[in-house]
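Hi,

Here is the structure I promised to pass on. Have a look at it first, and then read my notes below.

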Amino acid sequence: MVDSLERSLREVEERIGSKALPPQLRMIRDGCREANRHPWFKDVPSPKALEVNMITSAQRQRLPAYRLAATLSQRRRQMVDRNRASRWLSVRELLSVNWLSPLDEDDLFELYGLTLVLDVLEHEAAFGPPHQYGLAISGRAHVARFVKGASTVTVYFDQSPVTFLGCHSAQLAIQEAHLGVRSSPRRPDIVIVHQKGEERHIVLVEAKNSWRGSYLSDGIYKALAYIADFKDVWRSDLSNPKVVLLVPEDISLRSGVALNSMSVVLVSSFDRAAFAAGIKTALSLNDGVSDHH
């Protein structure tokens, strides 16, 4: 079980990089490595699989350490099980210790939007599973990267293009020109960057969890502000839409309105096809433009 845990942590580390590995996981990783280097472990062959009788035997031991090891091994066994019920049990345990803890419904809707983006890129845009993942933690870079052929699509969550693209921000420039004003660049919910050689296309996704008309109007105005603030991002990119506003309403474009004529488009969270069309059009991933079919 120590070997299995170390292998899993190694896979996580390879996916997200050593610097992005949370302190708790680094501590567990180091503990596993230290245990495996101990003389008592070196000479003991590692079992190919954890059998039920092994756990039962440990549970019957008089020493508390064996019983604790049995409990932890049983939990570990459930977590690595590919059974659907076991996976939900793992999610519930992560929620219970605040490893997964949306603060409110708006946060949850943003996470839904991120999940939808990743799923659309994998399936509708035909990139397949992400080539690389990153955790949504402080100091992160991207949360996912897709690669196929000459195309690379990188997804950022709750980060400013100023940080990862080094682009100009009109708002930040005004803030920094004044004393007594705290300067901080704006962070869209999701930024997707498609790079193909020298060609680059970028789209922002904002998730607005509200049915109120005034809230939607504010969302549209915010999207237009993003376009003005980060206009340098699209200096050589004439693609539309530049911002996709994801809302929990039955909204769709009027008949005859071309998707690529709108700098901001509103899409219902219930209309996956429309959302996929907006993302693919914005990133020039439609048939005949992208490597993917």
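**Lys-280 to start with**

Let's begin with Lys-280, which sits in helix α11, the stretch covering residues 272–282. Keep in mind throughout that this is a predicted model. Lys-280 has a relative accessible area of 17%, and since buried means under 20%, Lys-280 counts as buried. Leaving aside residues up to four places away in sequence, Lys-280 touches Glu-124, Leu-285 and Asn-286.

**The protein as a whole**

Stepping back, the protein has eleven helices and seven strands. There are 293 residues, and 36% of them are buried. If you take the contacts between residues at least 6 apart in sequence, 56% of those join residues at least 24 apart. As for the surface, the protein exposes about 17,900 Å², with carbon and sulfur atoms supplying 54% of that.

**Helices α1 and α2**

Next, a helix pair. Two packed helices are described by the angle between their axes and the distance between those axes. Helix α1 (residues 2–16) packs against helix α2 (residues 23–37) at an angle of about 135°, and their axes are 9 Å apart. Angles over 145 degrees would count as roughly antiparallel and 65 to 115 as roughly perpendicular, so α1 and α2 are oblique to each other. The crossing of α1 past α2 is left-handed.

Which residues in α1 and α2 meet? From α1 they are Val-2, Asp-3, Leu-5, Glu-6, Leu-9 and Glu-13. On the α2 side they are Leu-25, Ile-28, Arg-29, Cys-32, Arg-33, Ala-35 and Asn-36. Sorted by class, this contact has seven nonpolar, five charged and one polar.

Ile-16 is also in helix α1. Its relative accessibility is 16%, so Ile-16 counts as buried. Along the chain, Ile-16 and Val-143 are 127 residues apart, while their C-alpha atoms are separated by 8.7 Å.

**Another lysine: Lys-208**

Where is Lys-208 found? Look in the loop between β5 (199–207) and α10 (213–229). Is Lys-208 buried or exposed? With 10% relative accessibility, Lys-208 counts as buried. Not counting residues up to four places away in sequence, Lys-208 touches Phe-109, Tyr-215, Gly-219, Lys-222, Leu-245, Leu-246, Val-247 and Pro-248.

Cheers

How values were computed: Residues numbered from 1 in each chain as written. Predicted model: local features only at pLDDT ≥ 70, side-chain atom pairs only at ≥ 80, totals over all residues. Heavy atoms only, no water. Helix = DSSP H or I, 4+ residues; strand = E, 2+ residues; numbered from the N terminus. Buried < 20%, exposed > 50% of the residue type's maximum accessible area, 1.4 Å probe, protein only. Contact = heavy atoms within 4.5 Å. Areas by Shrake-Rupley, 256 points an atom, 1.4 Å probe, with all protein chains shown as cover. Axes fitted to C-alpha atoms, helices over the stretch in contact; angles between N-to-C directions. Parallel < 35°, antiparallel > 145°, perpendicular 65-115°, else oblique. Left-handed = near helix turned anticlockwise from the far one by under 90°. Nonpolar A, V, L, I, M, F, W, Y, C, P; charged D, E, K, R; others polar.
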